[in-house]
Amino acid sequence: MIELWNDQISVKISKAGAELQSLVKKDINLAYMWDGDPAFWAKHSPVLFPIVGTLKNNEYQFAGKSYHLGRHGFARDLEFQVYEHGETSASFRLDSDAKTFENYPFIFQFTIHYSLHDNELSVEYLVSNKGDGDMFFSLGAHPAFKLPMVPELKYDDYYLEFSDLETAPRWPISKDGLIETQPENFLENTNRLNLKKDLFAKDAIVLKGIRSESILLKSDKSSHGLEFSLPGFPYLGLWAAPQADFLCIEPWCGIADGVDSSQQLTEKEGIIDLKPGTEFSRTWKVKVF
């Protein structure tokens, strides 16, 4: 386990999946991350790469061949190498190899850089195309924050406050984990979403093209909450396991296949086309208070 700290916050990150395990505000010893209770969901903050969500029949086609990839890809299940580690920052790296080639025919280097700045954690994803041809991929984050954050409150005491007014439909998810063709009305010229557990009775809330670059998770009954920044991520997922005491705020560059997907990787909605010898970077941040 890799630990980072400064005078305000501390974090722990596992080399398995380069997964964030904990985020603590030190002066009040307040833990913000879900504890990973396996009775509900055993993860904390899995990394989604080289796809986000589910593929139709868990397969895709590229250059005339068919490949199998499970939900959210393989990065979350692989061991990353630590190649930089100081008190306030650490970098983790995953390189393509014979095992990844079985399901994903691209030569890549995937780096995740964690760094602390006062009461803020910054997480940068950097994808490098090391091959001779175009590389097609998606990536995303899946951090789970415990709710309630303090024991005297309830889940329903919390809400999300978007930095901009949003009008965004919810894209339903089929029983096979695919995006349906018709959206449902959801956010209507508002910057607030009151949280309740039955919001996730039909799986995740999937939003496309929100305007906000940051979201507050807070309660009017507590001075403690967090600000989540997600500039440059065109999709947002919100999710919790049934009746679990957490909320996942998931910024995505990519999305699950639609029910009418052609299964051609190059035609996949939200897919990123990375040219040889180039890099793609996105950063999300969480500031605790």
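Colleague: Start with Q243. Buried or exposed?

Modeller: Exposed. This is a predicted model, and in it Q243 has a relative accessible area of 53%. The cut-off for exposed is over 50%, so Q243 qualifies.

Colleague: Where does Q243 sit?

Modeller: In a loop. Q243 lies between β20, residues 235-239, and β21, residues 246-253.

Colleague: What about the phi of Q243?

Modeller: Positive, near 65°. Q243 is a residue other than glycine.

Colleague: And N29, what's its phi?

Modeller: Near 50°. That is also a positive value in a residue other than glycine. N29 is in the loop between β3 and β4, the latter being residues 30-31.

Colleague: Is N29 buried or exposed?

Modeller: Exposed, at 65% relative accessibility.

Colleague: Switching to peptide bonds. What kind of bond joins F49 and P50?

Modeller: A cis one. Omega is about 5°. P50 is in the loop between β5 and β6.

Colleague: And from L147 to P148?

Modeller: That peptide bond is cis, with omega near 0°. P148 falls in the loop between β14, residues 144-146, and β15, residues 158-170.

Colleague: Back to the β5–β6 loop. Where is T54?

Modeller: In that loop. T54 sits between β5, residues 47-48, and β6, residues 59-62.

Colleague: Why does T54 count as buried?

Modeller: Because its relative accessibility is 8%, and buried means under 20%.

Colleague: Which residues does T54 touch?

Modeller: Leaving out residues up to four places away in sequence, T54 touches R71, D176, G177, L178, A256 and D257.

Colleague: How about G70? Where is that?

Modeller: In the loop between β7, residues 65-68, and β8, residues 81-85. G70 is partly exposed, with a relative accessible area of 30%.

Colleague: What does G70 touch?

Modeller: I51, G53 and N58, not counting residues up to four places away in sequence.

Colleague: And how far is G70 from W252?

Modeller: 17 Å in space, C-alpha to C-alpha. In sequence, G70 and W252 are 182 residues apart.

Colleague: Now L20. Which strand is it in?

Modeller: β3, residues 19-25. L20 is buried, with a relative accessible area of 1%.

Colleague: What is L20 in contact with?

Modeller: Leaving aside neighbours within four places in sequence, L20 contacts V11, K12, I13, M33, H44, S45, Y114, L121 and W284.

Colleague: How far is L20 from W41?

Modeller: 15 Å, C-alpha to C-alpha. L20 and W41 are 21 residues apart in sequence.

Colleague: Last topic, the core. How many residues are in the largest nonpolar core?

Modeller: 98. Those with the most contacts inside this core are F49, F110, F137, L160, L217 and F246.

Colleague: Which strand gives the largest share of this core?

Modeller: β21, with 6 residues.

Colleague: Pick L217. Which residues is it in contact with?

Modeller: Setting aside neighbours within four places in sequence, L217 contacts F145, L147, M149, Y158, Y159, L160, L195, G225, L226, L247 and I249. Among them, L160 is also listed with the most contacts inside the core. L147 is the residue with the cis bond to P148.

Conventions. Residues are numbered from 1 along each chain as its sequence is written. This is a predicted model: local features need pLDDT of at least 70, side-chain atom pairs count only at pLDDT 80 or more; totals for chains, interfaces and linings use all residues. Side-chain values use heavy atoms; hydrogens and water are left out. Helices (H or I, at least four residues) and strands (E, at least two) are DSSP runs, numbered from the N terminus. Buried means under 20% relative accessible area, exposed over 50%, partly exposed in between (1.4 Å probe, protein chains only). Contact means heavy atoms within 4.5 Å. A nonpolar core is a set of buried Ala, Val, Leu, Ile, Met, Phe, Trp, Tyr and Cys residues joined through side-chain atoms within 4.5 Å.
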